[in-house]
Amino acid sequence: MASSGEEPRSGSPGRAGTGTEAAADAAQLDTAEDFEVLEEEEEEDEDDLSELPPLEDVGRPPAPPREDAQPPEQGAGDAAGDPEEWLDVLGNGLLKKKTLVPGQGVDSRPQKGQDVTIRLKATLEDGTVVEEDPALTFTLGDCDVLQALDLCVQLLEMGETALIVSDAKYCYGAQGRSPDIPPNVSLTLEVELLGAQDAPDLELLSGKEKIQLANRKRERGNFFYQQADYVLAINSYDIALRIVGSSSKVDFSPDEEAELLDVKVKCLNNLAASQLKLDHFKAALKSCNLVLEHQPENIKALFRKGKVLAQQGEYREAIPILKAALKLEPSNKTIHAELSKLVKKHADQRNVETEMYRKMLGNPSTGSTPRKYKDKLPWVRP
């Protein structure tokens, strides 16, 4: 969360994947495989990832752990040193921290939830500088930045300068960052903690400030979705929804209220998409229903609700929902295809059930002739 209130810069280690790069990544995901994607209106926000495939895998596995990740022998600052000087942050050798300039003591360390400001310099293993920011501000613990920063900055003392060597897993992973950061590469981050303060009171934010803050969290969720990290995507969308739903002591204009509702709907749609990726069907269904409470004719929510019900085998319930979506947009080929598929599956399901009941009841086959008994039963009187 930048103190200036500006939108996140595309390509920054703290806020990668937003803006045009995020749109390009989303488009690549849509066309990489035969995904079932809702057609988008041209005027819609290009960062709204509700159109991304609701159930199919994105085909981007997380970056595999690099067992050979080591602190650089030479490079930024005083990277070389005795191995004992390096702190193995997670105990797996993939994220290490070394103090270059001591800070003001352990008591000066920032707390999660505070807004921190750092000086950042990021380099590749060969020493190439890929990012410099004299004052990067973000909310600690909200996953607003690279995981390497979020995990390590909370260990810094005020005024401390440290070197962080991170495996790609905690930076840009298997995707990298075009054009300057290749896939699956480690980064060396030189970080100085400049300041820390409590985050602003949500109740006192103006409508514009609340919208900007919620959108930044949503965009971060979009970045994680594109990275196929659906757990962190859900975390960011949840934070955005908490911001939108927080009480306020400030009056908002009707336009601001409408924009906050729009942000909420986008977050819920994207949240449902992320939950579906993790097979969290109950949660995804709840997210879809929340959208439909505000917008009963939201095609994305209807389509996704039908998909999640179908995924659970509830074809009888899913079919009318998809029919409602198709009625709203009769030309949508994706809904046509999904509805046709479900109708066939439902018919097959009924045939299987019918055959099962026939066997259970021992019904004779249709080709057999019933046996006629001439003898009367002994207890039937003539």
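Lys 341 and Glu 338 join their side chains in a salt bridge at 3.3 Å, N to O. A salt bridge here is a side-chain nitrogen of Lys or Arg within 4 Å of a carboxyl oxygen of Asp or Glu. Both residues sit in helix α9 (residues 333-361), three residues apart, about one turn of the helix. Helices (H or I, at least four residues) and strands (E, at least two) are DSSP runs, numbered from the N terminus. Lys 341 is partly exposed, with a relative accessible area of 33%. Glu 338 is buried at 3%. Buried means under 20% relative accessible area, exposed over 50%, and partly exposed in between (1.4 Å probe, protein chains only).

This is a predicted model, in which local features need pLDDT of at least 70, side-chain atom pairs count only at pLDDT 80 or more, and totals for chains, interfaces and linings use all residues. Residues are numbered from 1 along each chain as its sequence is written, and side-chain values use heavy atoms, with hydrogens and water left out.

**Salt bridges**

The whole structure holds twelve salt bridges. Three of them are tabulated here.

| Lys 341 | Glu 338 | 3.3 Å |

What does the bridge between Arg 119 and Glu 190 tie together? Arg 119 lies in strand β3 (residues 114-123) and Glu 190 in strand β6 (residues 187-198), so the pair ties together parts that are 71 residues apart in sequence. Arg 119 is partly exposed, at 25% relative accessibility. Glu 190 is buried, at 14%.

The pair Arg 177 and Glu 131 also links distant parts of the chain, 46 residues apart. Arg 177 is in the loop between β5 (161-166) and β6. Glu 131 is in strand β4 (residues 129-139). Arg 177 is buried, with a relative accessible area of 4%. Glu 131 is buried too, at 10%.

**The sheet**

Six strands form an open sheet in the order β1-β2-β5-β6-β3-β4, with antiparallel pairing. Its edge strands are β1 (87-88) and β4, and each pairs on one side only. Two strands pair if DSSP finds at least two bridges between them.

Strand β3 has β6 on one side and β4 on the other in the strand order. Ten bridges join β3 to β6, and the two run antiparallel. Within this pairing, Lys 121 has Glu 190 in β6 as its bridge partner. Eight bridges join β3 to β4, again in the antiparallel sense. There, Ile 118 is partnered by Leu 136 in β4.

β3 and β4 form a hairpin with five residues between them. Gly 127 in the turn has a positive phi of about 90°.

Is β3 enclosed or open to the outside? Eight of its ten residues are buried, so β3 is largely enclosed by the rest of the structure.

**Helix packing**

Helix α4 (residues 230-245) and helix α5 (residues 254-277) have axes that come within 9 Å and cross at roughly 155°. That makes α4 roughly antiparallel to α5. Axes are lines fitted to C-alpha atoms, for helices over the stretch in contact, and angles run from 0 to 180 degrees between N-to-C directions. Angles under 35 degrees count as roughly parallel, over 145 as roughly antiparallel, 65 to 115 as roughly perpendicular and the rest as oblique.

α4 passes α5 in a left-handed crossing. A crossing is left-handed if the near helix is turned anticlockwise from the far one by less than a right angle, and right-handed if clockwise. Residues of α4 in contact include Tyr 230, Ile 234, Tyr 237 and Leu 241. Those of α5 include Leu 260, Val 263, Cys 267 and Leu 271. Contact means heavy atoms within 4.5 Å.

Helix α6 (residues 281-294) and helix α7 (residues 299-311) pack at an angle of about 155°, with their axes 9 Å apart. That makes α6 roughly antiparallel to α7. Their crossing is left-handed. On the α6 side, the contact residues include Phe 281, Leu 285, Cys 288 and Leu 292. On the α7 side, they include Leu 302, Arg 304, Val 308 and Leu 309.
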